[in-house]
Amino acid sequence: MTMVLRARRLLTPLQAIDDATLVIEGGRIVAVGRRDEVAAPAGAHQEDFGDAVLTPGYVDVHVHGGGGFDLMRGDAEAIAGTARHLAQHGVTSYLATTVTAPWERTLEAVGRLVRAGEGIHLEGPFLSPKRRGVHPEAELLLPTPERLDALWERGQERIRMITLAPELKGAAEFIAAASARGICVSMGHSDATLAEARAGMAAGARHVTHTFNAMRPLHQREPGLLGLALSDPALSAEIIADGIHVAPELTGMFLRMKAPGRAVLVSDGISASGCGDGEFTLGAIKVEVARGCCRHEGVLAGSVLTLDQAVRHAMKFGGLELAAAVRMATLNPAALVGLERKGRLEAEMDADVLVLSATGEVKAVFQGGQRLVGGR
Ligand SMILES: [Zn+2]
């Protein structure tokens with residue numbers, strides 16, 4: 001079926017098109033432009049969203065579950081339930097993110113998650129014991145070539161991102177080998193000094209996991225990984241913009257520093273997301289949620305942030321325009337992990353389209369040209 005969507009504005013997101021028309025055929029975008037430039041094919045189903053804004057679907061590269069479902073379960077119900085929850089918040093692509101677990105359990109989860117989203121993000125077990133957050137210390141491991149091979153094989157080449165502490169023994173070789181396979185290596189859960197973080201980057205690391213959280217704090221003479229994340233324009237970096245993990249003032253500063261192309265909004269959402277307060281799990285870790293704050297024995301354990309909320313927070317905390325905030329949840333993450341048909345509203349891209357209000361409320365969601373959210 002051919003479908004034509006119209007709205008007052010469209011964000012590609014690199015370009016803003018007013019009075020826009022978007023044509024979808026067979027799940028792909030075939031044309032984007034101003035109403036007077038793009039003709040609607042004969043017989044197409046047409047829909048006008050009036051004052052709304054069309055944007056690409058959001059891409060969350062760091063999410064552990066949602067809607068009561070924990071992705072570490074890895075079964076079809078957990079995958080479908082998480083996807084349903086994410087779609088409600090405009091996320092049409094995501095990387096299923098693991099937490100540190102016993103090695104055999106990690107391999108098993110990776111094997112099951114090959115069917116989830118757009119791939120897998122491995123958070124742990126190659127993390128610093130000093131900056132492990134809630135990741136169980138007893139299960140942390142050193143990165144070795146054999147372990148990378150085992151993960152790669154079990155994950156059927158679906159592993160797109162690995163978070164690791166670059167100061168660990170063997171990290172440089174691991175980073176180089178993972179990068180050679182096209183995996184985006186992200187530095188995080190790390191006590192790295194500036195020199196150690198630079199060495200990680202020299203070996204191929206390109207990204208930083210939840211900046212500010214689970215890393216050595218900034219010191220004026222030893223800025224560490226955090227200092228590198230803030231100062232190196234080549235390094236991409238993610239942030240949990242819930243106003244809890246990082247103060248709104250610092251979140252805003254970070255977003256302005258890393259704008260336009262190197263900031264990535266992530267949810268770090270866990271099963272509890274969308275479920276209110278109560279007791280939930282993150283892998284084998286018990287998490288208590290109270291007033292939107294997820295803790296395990298007093299330590300922050302993921303979030304219940306949703307990516308549509310993160311976009312609105314980015315506007316509020318960072319003083320960003322909608323287009324700039326949307327870019328941090330679409331093009332930036334998609335480009336980072338090599339999702340070539342995602343994150344942009346252009347011809348040839350997958351027809352993952354959001355209909356937003358001017359303030360970033362999700363009105364409708366299309367994935368591959370199919371409407372997932374929003375009535376007619
Ligand atoms: Zn996480």
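Start with the crossing of H4 and H5: it is right-handed (the near helix is turned clockwise from the far one by less than a right angle). This is a predicted model, where local features need pLDDT of at least 70, side-chain atom pairs count only at pLDDT 80 or more, and totals for chains, interfaces and linings use all residues. Residues are numbered from 1 along each chain as its sequence is written.

Select helix H4 (residues 171-180) and helix H5 (residues 194-203). Helices are DSSP runs of H or I, at least four residues; strands are runs of E, at least two. The two axes come within 8 Å and cross at roughly 30 degrees (lines fitted to C-alpha atoms over the stretch in contact, angles from 0 to 180 degrees between N-to-C directions). H4 is therefore roughly parallel to H5 (angles under 35 degrees).

Now show Ala 171, Ala 172, Ile 175 and Ala 176 in H4. They meet Ala 199, Gly 200 and Ala 203 in H5 (C-beta atoms, placed from the backbone, within 7 Å).

Next, the sheet. Its 8 strands run S6-S9-S10-S11-S12-S13-S14-S15, open, with parallel pairing (at least two DSSP bridges between two strands). Zoom in on Glu 238, which stands opposite Val 264 in S15.

Finally, colour by domain: domain 1 is 2-56 + 343-373, domain 2 is 58-336 (bounds from an automatic or database domain assignment). Their C-alpha centres lie 29 Å apart. The contact takes 19 residues from domain 1 and 20 residues from domain 2.

Definitions and conventions
Parallel < 35°, antiparallel > 145°, perpendicular 65-115°, else oblique. Contact = placed C-beta atoms within 7 Å.
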